[in-house]
Amino acid sequence: MQLTDRVGILHDVLRWFWKFDVNICRIESRPVSVGTPTGQLRTFDFFVDMEGSPSDDNVSRLLAALRPMTDKLLVLDEKKVHWFPRHISELDLVANRTLDAGVDLISEDHPGFHDPVYRRRRASLTETALNHRWDQPIPRIEYTKDEINVWSTVWDRMEDLWKQFACAEYLQALELMKQHCGYQKDNIPQQEDISQFLLRRSGFRMRPVAGLLSSRDFLNGLAFRVFFSTQYIRHSSRPLYTPEPDICHELLGHAPMLADRSFADFSQEIGLASLGASDDDIDRLAHCYWHSVEFGLCKEYENGQVKRKAYGAGLLSSFGELEYACGSTSDPKVVAANKGEDSASLNQAPPTVKPWDPDVASRQEFPITTYQPIYFIAESLEDAKQKMRQFCEDLPRPFFALHNAQTDTVHIDRPVARTKGIPDPLKAS
């Protein structure tokens, strides 16, 4: 509604909400024009979210009372959109919607398939994740000697490569996490310690999850600066290979980057754009996420020369592909042979490196079982964020979403009905 400024005008309008018992959820004002020396009065647009529908008797009478008092009155109908969380607590409704949970483990190709001890361990960690709730501390895991040995093996292979090929933001965060989160070669850090550290540094937090989520559910979590993370580790028989994301990928690849505020903002931009988005736009955003947060490169300058550095978690947790994407050799056979990498990428051609362009990345298909044939390189993390923000603003979004970090609530600029893809617990109620 548009109002001409005068003393008490807002009070006169809002009292009708009280009179007709209509609850206001949010109110926002924006100046339309300012006063002039000729005496023109200032006008303001007020955007009001309220409970109820125009078809309700009390809302209908409220609107009738407001029309004579306002310069303009526009009622936006509820737009039907895909269900999305409005408060961080609603992530509990999607955290357990894993995709074919355990499908890799029940396949005979999984290294742990024939190991009953490993299967029991995975089942126990799955139960822990399924029982977690948003307002609880993340349970501490007592990792076994075998699990710590796997972690140590991966750490040994990655440490020198991080120094050579990881971006400066990653290296800085890793040093801080050694001090504050227990990151060490012979110690697997606890996700609760990491989550508390991230909250202080960038406002992000970790959330245990039993397995892979859909792109929509995972990206929706990022809107609240929540990163869904597994708690299990790859099988000890093949410590340098995993068919699925595990804690080596999550904690060595993703977590340090989330300590950087610019990168955290970048991740949240994708998450906010995913809220209520169409299936096609979710697919585009997921492609952008893959080519950046998972396999993104950025430029750094050393002695006047441009160097490729990695900020993507898929690179920072894979010694073979990290050297393949950033190293002086572009021959995957050489990298794999020298480093003992899995043979899936041995016959792959050298990669193509393109400038970071979210519109191009959103349409670029990718493999999941081999090295990436195409990488995208940004001028910097800030450059990656700004271009991603512009891409998200240009999407045909059903509404504009803003995250309130104090209340962990998402505010939107128009009424919507979350009717598609409603979580099962809400369907039951």
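I took a salt bridge to be a side-chain nitrogen of Lys or Arg within 4 Å of a carboxyl oxygen of Asp or Glu. The model is a predicted one, in which local features need pLDDT of at least 70 and side-chain atom pairs count only at pLDDT 80 or more, while totals for chains, interfaces and linings use all residues. Residues are numbered from 1 along each chain as its sequence is written, and side-chain values use heavy atoms, with hydrogens and water left out.

**Entry 1: charged pairs**

Arginine 121 lies in helix H3 (residues 116-130) and glutamate 147 in helix H4 (residues 145-165), so the pair ties together parts that are 26 residues apart in sequence; helices here are DSSP runs of H or I with at least four residues, and strands are runs of E with at least two, numbered from the N terminus. For exposure I used relative accessible area, with buried meaning under 20%, exposed over 50% and partly exposed in between (1.4 Å probe, protein chains only). Arginine 121 is partly exposed at 21%, whereas glutamate 147 is buried at 8%.

I then turned to aspartate 265 and lysine 385, whose side chains meet in a salt bridge at 3.6 Å, N to O. Aspartate 265 sits in helix H9 (residues 261-274) and lysine 385 in helix H15 (residues 381-394), 120 residues apart, so I noted a link between distant parts of the chain. Both aspartate 265 and lysine 385 are buried. Through shared partners, salt bridges join Arg225, Asp265, Glu382 and Lys385 into one network.

**Entry 2: the second largest pocket**

The lining has 35 residues, with Val48, Asp49, Met50, Arg414 and Pro415 nearest the centre. Among the elements that give two or more residues to this lining are strand E2 (24-33), helix H2 (57-66) and strand E13 (416-420), but the largest share, 6 residues, comes from E3.

Terms used
On a 1 Å grid over the protein atoms alone, a cavity is a set of points where a 1.4 Å probe fits but cannot get out, and a pocket is an open set with protein on both sides within 12 Å along at least five of seven lines; lining residues have an atom within 4 Å of a point.
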